[in-house]
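Please find below a colleague's note on the model shown here. The points are numbered and may be read alongside the coordinates.

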Amino acid sequence: MNSRSHSSRPARTTLRTLAAVAAAASLLLTGCVAGEDSDAAANAGAADGGTLTLDFATYNPLSLIIKDQGWLESALADDGVTVEWVQSAGSNKANENLRSGAIDVGSTAGSAALLNRANGSPIKAIDIFSQPEWAALAVGADSAITSVADLKGKSVAATKGTDPYFFLVQALEEAGLTLEDVTVEQLQHADGRSALENGSVDAWAGLDPIMAGAEQNGARLIHRNLDFNTYGILAANESFLTEDPELAQAVVNAYEKARAWAAENPEETAQILADVAGLDLAVAQTVVLERSNLDVDPAPGEAQRSVLEKIGPTLVETGDVAGQDAVDKALDGLFDDSFVKSADPESISDAQ
C-alpha cells in the first residue's frame with residue numbers, strides 16, 4: 001500500500017478499536033495506570049491515518065474554494081487523514097508532481113494530461129473542473145504585431161506541455177506557420193508575462209489569471225479561440241485510485257460541492273482567486289465570470305476525447321510523443337467517470 005495514504009479505512013478503524021480495547025483490558029488486569037503501558041494504549045487509539053496530497057492552482061478556481069473552505073480537512077479528520085496542499089504553477093508542474101508521486105491528485109489541462117499519459121505516466125482523469133478560455137496569444141501594449149501571421153521570425157514565450165503552448169502550435173498552423181517560424185522561449189507562465197512586459201520576447205502564449213493581470217497592465221490579446229483550449233482536468237495517479245478509492249471519492253465529492261458553491265457565490269469565488277493570485281478583484285472577476293465555465297458536465301469522457309483527438313497529431317508532429325499509437329492508447333485509458341457518477345457533495349459538510 002502507498003504509505004502516504006489511507007486505503008482500507010473501515011478495516012483500520014476496527015483494528016484500532018480492537019487494539020485500544022485490548023490494551024485497556026491489559027491495563028486493568030495488570031493494574032497498570034501509568035508509564036509505558038498507558039502510553040502504548042493511547043497511541044493504539046490514535047494511529048496515523050495517512051496523508052492525502054493534492055494541488056491547488058490559480059487556473060483551477062474550484063481547488064481554491066476547497067482549500068479556502070477547509071472541507072477536506074473537516075471531512076477526513078475523523079479518519080485521521082492529514083490533507084496536504086501543493087501549489088501548481090502550471091499543468092507541466094502538476095504533471096511533474098504526479099509522475100514523481102509528490103501529489104495524489106493534480107490540476108491539468110486536457111492536452112497536458114494526454115501528453116503525460118502518452119509518455120507513460122499512469123494517470124486518470126477523474127473530474128472535469130472547467131471548460132475555460134484560459135489561453136490566448138498576447139503582445140505588449142505598444143507592439144506592432146496584430147495577427148498570428150506577424151509572429152513569423154519573432155520570439156514567443158510559452159510553457160511547454162501546457163494548453164497555452166498547444167494553443168500557440170494550433171494558432172501558428174491555422175496561420176500557415178509552424179514552430180520553426182518562431183523562436184519559442186521556454187518559460188513558466190509568470191516568467192513569460194515578465195518577459196513580455198520587459199521586452200525580452202515579442203509575444204507570449206498566456207494563461208489566466210496571469211494573462212488577465214497582464215491585460216490590465218496594457219497587454220493586448222491578438223488571437224483568441226475557445227476551441228483551441230482543452231478542458232480543465234482533475235487527474236490522479238492510478239495507484240492512488242486503486243489503493244485509496246475512498247480518498248479519491250472524497251476529493252471528487254468536494255469538487256462537486258465546490259462547483260455548486262461557485263455557482264451560488266460567484267463574487268466570493270472571484271475574491272478567493274484575487275486573494276490567492278494577488279489580483280485586483282476586477283481582474284479575478286473577468287477570469288471567473290467571463291472566461292471560466294465551471295458549469296460543465298464533470299464526468300470525463302466523450303466531450304474531452306473529441307477535443308483531444310484533434311490535439312493528438314500535434315503532439316506527434318512536435319515530437320512531444322513518439323507516435324500516434326501512443327496517443328491513441330493514452331486516450332483509450334485516460335478517462336474514469338466512476339467517481340463523478342458516485343459523487344455525493346452532501347457528504348462534504350461545511351468545516352467547523
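**Notes on helix packing and burial**

1. Helix α6 is largely enclosed by the rest of the structure, because 9 of its 9 residues are buried. Here buried means under 20% relative accessible area, with exposed over 50% and partly exposed in between (1.4 Å probe, protein chains only). The buried residues of α6 are G110, S111, A112, A113, L114, L115, N116, R117 and A118. After α6 comes G120, with a positive phi near 100 degrees.

2. On provenance, this is a predicted model, in which local features need pLDDT of at least 70 and side-chain atom pairs count only at pLDDT 80 or more, while totals for chains, interfaces and linings use all residues. Residues are numbered from 1 along each chain as its sequence is written, and side-chain values use heavy atoms, with hydrogens and water left out.

3. The protein chain has 16 helices and 11 strands; helices (H or I, at least four residues) and strands (E, at least two) are DSSP runs, numbered from the N terminus. Of its 352 residues, 52% count as buried. Among contacts in the chain with a separation of 6 or more, 79% are between residues 24 or more positions apart, where contact means heavy atoms within 4.5 Å.

4. Helix α5 (residues 91-100) packs on helix α6 (residues 110-118) at an angle of about 35 degrees, with their axes 10 Å apart. Axes are lines fitted to C-alpha atoms, for helices over the stretch in contact, and angles run from 0 to 180 degrees between N-to-C directions. The contact joins S91, N95 and R99 of α5 to A112, A113 and N116 of α6. By class it has 2 nonpolar, 3 polar and 1 charged residues, with Ala, Val, Leu, Ile, Met, Phe, Trp, Tyr, Cys and Pro counted as nonpolar, Asp, Glu, Lys and Arg as charged, and the others, Gly among them, as polar.

5. I103 is placed in the loop between α5 and β3 (105-109). I103 counts as buried, at 0% relative accessibility.

6. Not counting residues up to four places away in sequence, L151 touches L137, I145, V156, D181, V182, A203 and I222.

7. H189 lies in helix α8 (residues 189-197) and is buried, with a relative accessible area of 0%. Leaving out residues up to four places away in sequence, H189 touches A89, G90, T159, T162, P164, W204, L207 and I210.

8. Helix α11 (residues 245-264) and helix α12 (residues 266-277) pack at an angle of about 110 degrees, with their axes 5 Å apart. That makes α11 roughly perpendicular to α12, a term covering angles of 65 to 115 degrees, whereas those under 35 count as roughly parallel, those over 145 as roughly antiparallel and the rest as oblique. W261, A262, A263 and E264 of α11 make the contact with P266, E268, T269 and I272 of α12. By class, this contact has 5 nonpolar, 1 polar and 2 charged residues.
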